[in-house]
There are 2 protein chains.
Amino acid sequence: MSRAIAPAQIADSLTELWSPRVVAELDDSYVKVAKVHGAIGWHSHEHEDELFVVLKGHLRIDMEDGPVDLRDGELFVVPKGVRHNPSAQEICLVMLIERKTTLHTGDVVNDKTRSLAEQLRPV
Amino acid sequence: MSRAIAPAQIADSLTELWSPRVVAELDDSYVKVAKVHGAIGWHSHEHEDELFVVLKGHLRIDMEDGPVDLRDGELFVVPKGVRHNPSAQEICLVMLIERKTTLHTGDVVNDKTRSLAEQLRPV
């Protein structure tokens, strides 16, 4: 059995939007994938940077100094403390790397906030 | 100007093999890309996990309990302390995430070891 992890394939298999799935651990961070559509809402992470990699589709990350548009294979790091609002006009597959302590909606708890327990469902 | 980072494009532009280029910072880690061909040599990183993502091509990571084969878009985390030897029979573009303190040849310094200063040449 191959031990290679195929993030795009796992993201594509997800049935729930904005519900990140942990696919690997990297020291004190998780590598997660998600299927997203619409906007998650403005928030920030006070203590942790957040890496977004677009696996498939188009993700827009609005920030107070302007948007960043990410397409297939492109990445961006939202620095700690920077307010951002990721959104996708069509279904988009993303990979995220963030500290194990990071809630993906940051300082805001809304209907898209997922608990760690939910994120840790086995792949 | 777009602030999106295109790792495959940057990796493809590199002229030197096994010479990682830092493309982003994520807390105390660097996101790097490299163009690789051949084997880097057996080594381990005592204190840090190392994430490999294949952007294009085929990377084989030999470990003592067997190899992992990674193809386009696939990833694998080599856990801290695990001896490994990444190799590519043909030119392969990879993305790596590792602690800022990690030498990419780990506990072994060989002709493929690059200093941090060299890795930090501007993109």
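How many residues of chain A are in contact with how many residues of chain B? In this predicted model, 33 residues of chain A touch 33 residues of chain B. The area buried between the two chains is about 2400 Å², with carbon and sulfur atoms giving 58% of that area. In chain A, Arg3(A), Asp27(A) and Leu75(A) lose the most area to chain B, together 30% of what that side buries.

**Interface of chain A and chain B**

- The rule finds eight salt bridges across the interface.
- There are also 10 residue pairs in polar contact across the interface, both residues being at pLDDT 80 or more.
- On the side of chain A that touches chain B, at least two residues each come from β1 (21–26), β3 (50–56), β5 (66–71), β6 (75–78) and β7 (84–99) of chain A.
- β5(A) supplies the largest share of that side, five residues.
- By residue class, the side of chain A that touches chain B holds 17 nonpolar, four polar and 12 charged residues.

**Nonpolar core**

- The largest nonpolar core has 32 residues, among which Leu51(A), Leu75(A), Leu51(B) and Leu75(B) touch the most other members.
- Beyond its neighbours within four places in sequence, Leu75(A) contacts Leu51(A), Phe52(A), Val53(A) and Leu70(A), and from chain B it contacts Ala4(B), Ile5(B), Pro7(B), Ala24(B), Val31(B) and Met95(B).

**Salt bridges between chains**

- Arg99(A) pairs with Asp27(B), the closest N and O atoms being 3.6 Å apart.
- This pair crosses from strand β7 of chain A, which holds Arg99(A), to the loop between β1 (21–26) and β2 (29–39) of chain B, which holds Asp27(B).
- Arg99(A) and Asp27(B) are both buried.
- Arg99(B) and Asp27(A) also form a salt bridge, at 3.6 Å from N to O.

**Salt bridges within a chain**

- Over all chains, the whole structure has 20 salt bridges.
- One of them joins Lys32(A) to Glu98(A), with the closest N and O atoms 2.8 Å apart.
- Lys32(A) is in strand β2 (residues 29–39) and Glu98(A) in strand β7 of chain A, so this pair ties together parts 66 residues apart in sequence.
- Lys32(A) is buried at 0% relative accessibility, and Glu98(A) is buried at 1%.
- In chain B, the side chains of Arg83(B) and Glu64(B) form a salt bridge of 2.8 Å, N to O.
- Arg83(B) lies in the loop between β6 (75–78) and β7 (84–99), and Glu64(B) in the loop between β4 (58–63) and β5 (66–71), so the pair ties together parts 19 residues apart in sequence.
- Arg83(B) is partly exposed at 35% relative accessible area, whereas Glu64(B) is exposed at 63%.

- Salt bridges that share partners link Asp27(A), Asp28(A), Asp49(A), Lys80(A), Arg99(A), Asp27(B), Asp28(B), Asp49(B), Lys80(B) and Arg99(B) into one network.

Terms used
Residues are numbered from 1 along each chain as its sequence is written. Chains are lettered from A and ligands numbered from 1 in the order in which they are written. This is a predicted model: local features need pLDDT of at least 70, side-chain atom pairs count only at pLDDT 80 or more; totals for chains, interfaces and linings use all residues. Side-chain values use heavy atoms; hydrogens and water are left out. A nonpolar core is a set of buried Ala, Val, Leu, Ile, Met, Phe, Trp, Tyr and Cys residues joined through side-chain atoms within 4.5 Å. Buried means under 20% relative accessible area, exposed over 50%, partly exposed in between (1.4 Å probe, protein chains only). Contact means heavy atoms within 4.5 Å. Buried area is the accessible area (1.4 Å probe) that two parts lose on being put together, summed over both. A salt bridge is a side-chain nitrogen of Lys or Arg within 4 Å of a carboxyl oxygen of Asp or Glu. A polar contact is a pair of N or O atoms within 3.5 Å; within protein, one must be able to donate a hydrogen and the other to accept it, and residues adjacent in sequence count only if both atoms are side-chain atoms. Helices (H or I, at least four residues) and strands (E, at least two) are DSSP runs, numbered from the N terminus. Ala, Val, Leu, Ile, Met, Phe, Trp, Tyr, Cys and Pro count as nonpolar, Asp, Glu, Lys and Arg as charged, and the others, Gly among them, as polar.
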